[in-house]
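Work through the following exercises with the sequence and the model at hand. Each task is followed by a solution that goes step by step.

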Amino acid sequence: VKRIGVLTSGGDAPGMNAAIRAVVRAGIANNIEVFGIYNGYAGLVKGDIKPLTNSDVGGIINRGGTFLGSARLPEFKNIEVRELGVEQLKKHGIEALVVIGGDGSYMGAKKLTEMGINCIALPGTIDNDIVSSDFTIGFDTALNTVVDAIDRLRDTSASHARCSVVEIMGRHCGDLTVWGAIASGAEELIVPEKGINMDEIVAQIEEGKKRQKKHFIVTLAELMTDAHELAKEIEKRTGVETRATVLGHTQRGGAPTAADRVLAGRMGAYAVDLLIEGQGGRCVGIRDNKLTHYDILEALDLPRVFDETLYNLAKQLS
Ligand code: ATP
């Protein structure tokens with residue numbers, strides 16, 4: 001393989017820049033030309049494609065977001081639209097692609113492979129919801145952002161003996177909330193895998209009151225209930241003044257942590273190795289700190305296993 005492309009797709013995540021940098025530098029080290037495709041599959045279809053040099057990816061390892069830009073193009077599900085993308089790649093002589101994104105982006109990569117363009121997908125999302133990898137690029141940074149925010153909330157909650165409900169991202173995956181709860185010492189955690197148990201939350205706060213606790217942090221995964229309504233309900237049932245904070249998109253930004261940069265570097269270089277081997281339709285994962293790869297369709301079919309041990313630990317230590 002002489003010429004490859006790299007794109008970022010779906011929601012952005014810190015560490016995507018580090019992954020692009022790794023693909024470019026590992027490619028060039030292997031005498032492969034690397035082209036940047038701007039704005040995901042949308043830019044691919046439009047031909048928004050430029051060659052990248054080692055210096056083009058200098059000074060970005062520490063930057064959040066993705067300098068290539070990301071986009072969503074639902075029409076990419078249509079073969080006629082994908083054909084436009086394949087034409088653009090052929091025009092530029094690009095034989096293979098590295099796609100950095102979430103599960104939707106994985107599907108696009110699989111379908112492009114079926115059309116003759118070998119694609120390797122990398123897990124780029126803060127949600128940690130890609131089952132074929134223990135960790136996704138961006139998760140560790142978002143986790144640190146969450147913990148930093150909760151530390152601040154704890155200071156002010158403690159001063160006023162308040163309860164704080166903190167809504168955390170993750171879509172249908174509770175990992176950011178579970179890890180965030182353990183790392184911040186939250187009193188309660190509510191995740192989609194377990195549902196909401198109001199009585200348990202109230203009992204926990206009542207028990208804390210007896211011990212003269214000065215603060216209560218309730219972490220809540222997004223899309224489960226309205227954080228402000230939950231705060232009102234807690235206040236009504238416990239008498240403890242309660243405020244809600246929705247962390248929102250701040251969780252998607254910021255300089256990537258060292259762990260995310262290293263993960264992105266390893267995965268980016270590994271993707272290039274796989275393309276050199278002639279592999280396509282595969283996605284990279286990390287399992288027990290070892291890089292591995294799966295067929296994309298098999299990866300998307302893997303059942304999600306919720307880490308009960310970690311959840312119970314968060315409960316036990318609260
Ligand atoms: P995130 O996890 O951050 O949402 P994602 O990659 O899952 O990232 P999606 O919007 O689901 O985000 O997908 C990104 C893009 O991938 C879509 O906008 C579309 O262009 C392409 N895509 C998604 N599903 C398919 C599919 N079934 N076939 C072809 N392309 C797809």
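**Exercise 1.** State how much space lies in the largest pocket, and find which lining residues are closest to its centre.

*Solution.* The largest pocket holds about 600 Å³ of space, where a volume is the space filled by probe spheres set on grid points that are joined across faces, edges and corners. A pocket, on a 1 Å grid over the protein atoms alone, is an open set of points where a 1.4 Å probe fits, with protein on both sides within 12 Å along at least five of seven lines, and its lining residues have an atom within 4 Å of a point. The lining has 29 residues, and those closest to the centre are Gly 10, Gly 11, Arg 72, Gly 104 and Ser 105. This is a predicted model, in which local features need pLDDT of at least 70 and side-chain atom pairs count only at pLDDT 80 or more, while totals for chains, interfaces and linings use all residues. Residues are numbered from 1 along each chain as its sequence is written, and side-chain values use heavy atoms, with hydrogens and water left out.

**Exercise 2.** Find where the ligand sits and which residues come nearest to it.

*Solution.* The ligand sits in the largest pocket, in the sense that more than half of its atoms lie within 2 Å of the pocket's grid points. There are 17 residues around the ligand, and Arg 72, Leu 73, Gly 104, Ser 105 and Arg 171 come nearest; a residue counts as near if one of its heavy atoms lies within 4 Å. Helix α4, residues 103-114, gives the most to this shell, with six residues, and α4 also supplies the largest share of the pocket lining, again six residues.

**Exercise 3.** Determine how far the ligand's oxygen atoms lie from backbone atoms of Gly 11, Leu 73 and Gly 102.

*Solution.* For Leu 73, a polar backbone atom is 2.6 Å from an oxygen atom of the ligand. A backbone N or O atom of Gly 11 lies 2.9 Å from a ligand oxygen, and for Gly 102 the corresponding distance is 3.0 Å. The protein covers 88% of the 620 Å² of accessible area that the ligand has on its own, with areas taken from the Shrake-Rupley method with a 1.4 Å probe.

**Exercise 4.** Describe the second largest pocket by its volume and its lining.

*Solution.* The volume of the second largest pocket is about 370 Å³. Its lining has 17 residues, of which Ser 133, Asp 134, Asp 175, Arg 304 and Val 305 are closest to the centre. Helix α6, residues 175-184, gives the most to this lining, with three residues.

Methods: Polar contact = N/O pair within 3.5 Å; in protein donor to acceptor, adjacent residues only side chain to side chain. Helix = DSSP H or I, 4+ residues; strand = E, 2+ residues; numbered from the N terminus.
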